[in-house]
Amino acid sequence: MKKTFYALALMAALPVFAQYSDESVLLTIGTKEVTTGEFTRIYTKNNPNAQFDSASIASYMPMFIDYKLKVIEAEALKMDTLPEFKEELNGYRVQLEKPYFTDTAVDEALYREVYSHMLSDVKASHILVMCSEDATPADSIKAYKKIQNIYKRAIKNVDFNKLAAEVSEDPSAKRNNGDLGYFTAFSMINEFENKAYNTPVGQISKPFRTRVGYHILKVEDVRPSRGQVKVSHILVRSNARMSEADAQAAEKKIFMISDSLAKGADWKTMVARYSEDRGTASQGGDLQWFGTMAMVPEFEDAAFALQTKGEISKPVRTPYGWHIIKLVGKRPIAPYADAKNEIKRRVSSDARSQLATKAVCEKLKKEYNFGEDKNAFNEIAALVDSTILQGSWSANKAEGYNKPLFWFADLKYTQHDFARVLARVRASRNKISVTRTIQNEYDKLVQTAIFRFERTQLEKKYPDFRYLLQEYHDGILLFSLTDKMVWTKALTDTAGLTEYYNANTQNYMWDNRLEVVSCSYKTDALANKTNKNKIDAKLLSALKKGVKKGDYANQVKIVLQKSGIEPDSIPLKVADKKYSKTDNIVVDNLEWKKGETQIVEDQNLTTIYYVVAPIASMPKTLDECRGTVASDYQTVLEAKWIAELRAKYPVKLNDDVFKSLLK
């Protein structure tokens, strides 16, 4: 192999006349062809500053060939047909497919639109004419005509809030005259939010529809976002259902608490003693950070009115009772880059999340010449009755209905295909009509069919997807087979590991070492310095005796007991260790000969050292170096395996294509 690459290096100096494409065959390994494109892609990926000279490529080539040999062997062993392999690869594929089924430009525009809404709060009033999503055409027309008539009245300078109280079908309109107060992003239905933020202050929007019906709205004001606030509070409950006496008692109690706080009473003590908010009383009254429309207006306005950290409000009345509020902190809306992940998270659970997916579906419809037969759809719809809402409609009712329902690319879906889908609809508690159910299932079928087909086209349409999926494919095989042939084998082949160790013990030697016994205890455990010095001398003597007796801990215990000290009263540690150079700074400074001693006091720890004996260099036992031996054995096993693979799958390099890579 070395001769091959030496020759290549020489040939690199020759002029290159032919031009080769990414599909040109650079290598043949066994019968497997490797293209220039595959090699250069992996070469540049593994070498960020890749050099395309003969020496650099020739240096990398053996590693690349070894990698391909292992993958080819795994495929020859049919490892890519195993269920566990397919499951793992499919898991990666699902993740890789996701970006291809959402329009990133639509997503980004959506996130920025939401962020622009977050920067301000809108105050609006509205009028609603109810009309469900699955209303009949006749009912929809009736509702639309009604909102149109209301709109004509509204733009004639009548009092919008009085008109809302009179005609709005929003149940709350009788109470609030249609006034929604201030709101911000994610506070309202998406369509309503967008209309509010795109209607000038003082203007009335034209009628528009959401899932609950038709609306008109009037924007009263727009203010910069107040950001978020974090507060603690004390609650004394009071509501309209209370007796007059109880309501007065609640009011008297909150003002008593307020007076005590004004005189310097401790906040947390007062919260724990008096707050009737059980969820926060034990937390010092702390609430989570919140912004516009997260709380009732009275509480929200009072919280944002506080300016200084630690400032405490006067008693505030809300529908829940009386509150005293303490400011913990304020923060503005975060910059877009910091807020984006949270926006993405909230959009993903919002109806807006489908916009980018729908955009991709519409694009694919055009690309694949999507067509549909509305009459064929209506014929099937006419066969479906209310049993579908109980999940018991049968596809047998559509027997013989086989007209094409929709088509794209070279695929057709018939009426009976759709009937089978409808037969699988499960009963739902959601209040939805038969008509809406049929339409929803049709829309889902169309999108599912188009996306299923698109998944089969990803490798053809997107080289990056194909290459990345191939890398996952090869990587899983490489890991699985190398684990079997090298890593796990080195750990489980006890006989082979032992044989390798015995043949190479000279590679696993201890340096010269020093056996040292030590005794450590907390210095302040002894009564006085004089007593301590005597005890240290006796402990050192005990360690010396321990060398002969072969029992250091017992000798130390005897010394302490003879000195009138109960061993358990002093946390004491005895250790016999073998040290190499640099293992322990104190040991390094000892003279390496038998009988050397040292007593070291470090803060509140006293340690007595006694040199048992120097130890000459010697082989480590297998247990002492098993990890290193296993690693070296793995290298040997892999080298042997690679040699076998090279013999099994001859490697042929296309010299002309190789030279075309050089720059």
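Reader: Is Asn369 buried or exposed in this model?

Author: This is a predicted model, in which local features need pLDDT of at least 70, side-chain atom pairs count only at pLDDT 80 or more, and totals for chains, interfaces and linings use all residues. Residues are numbered from 1 along each chain as its sequence is written, and side-chain values use heavy atoms, without hydrogens or water. The relative accessibility of Asn369 is 62%. Since buried means under 20% relative accessible area, exposed over 50% and partly exposed in between (1.4 Å probe, protein chains only), Asn369 is therefore exposed.

Reader: In which loop is Asn369 found, and what is its phi?

Author: Asn369 is found in the loop between helix H15 (353-367) and strand S10 (371-372); helices (H or I, at least four residues) and strands (E, at least two) are DSSP runs, numbered from the N terminus. Most residues other than glycine have a negative phi. Asn369 is not a glycine, yet its phi is positive, at about 55°.

Reader: Where is Ala409 placed, and what is its relative accessible area?

Author: Ala409, likewise not a glycine, has a positive phi of about 50°. Its place is in the loop between strand S11 (404-408) and strand S12 (411-414). Ala409 is partly exposed because its relative accessible area is 37%.

Reader: Which strands are included in what covers the buried residues of H13?

Author: Helix H13 spans residues 297-305, and its buried residues are Phe299, Glu300, Ala302, Ala303 and Phe304. Taking contact as heavy atoms within 4.5 Å, the cover over these buried residues includes strands S6 (213-224), S7 (228-237), S8 (316-318) and S9 (321-331).
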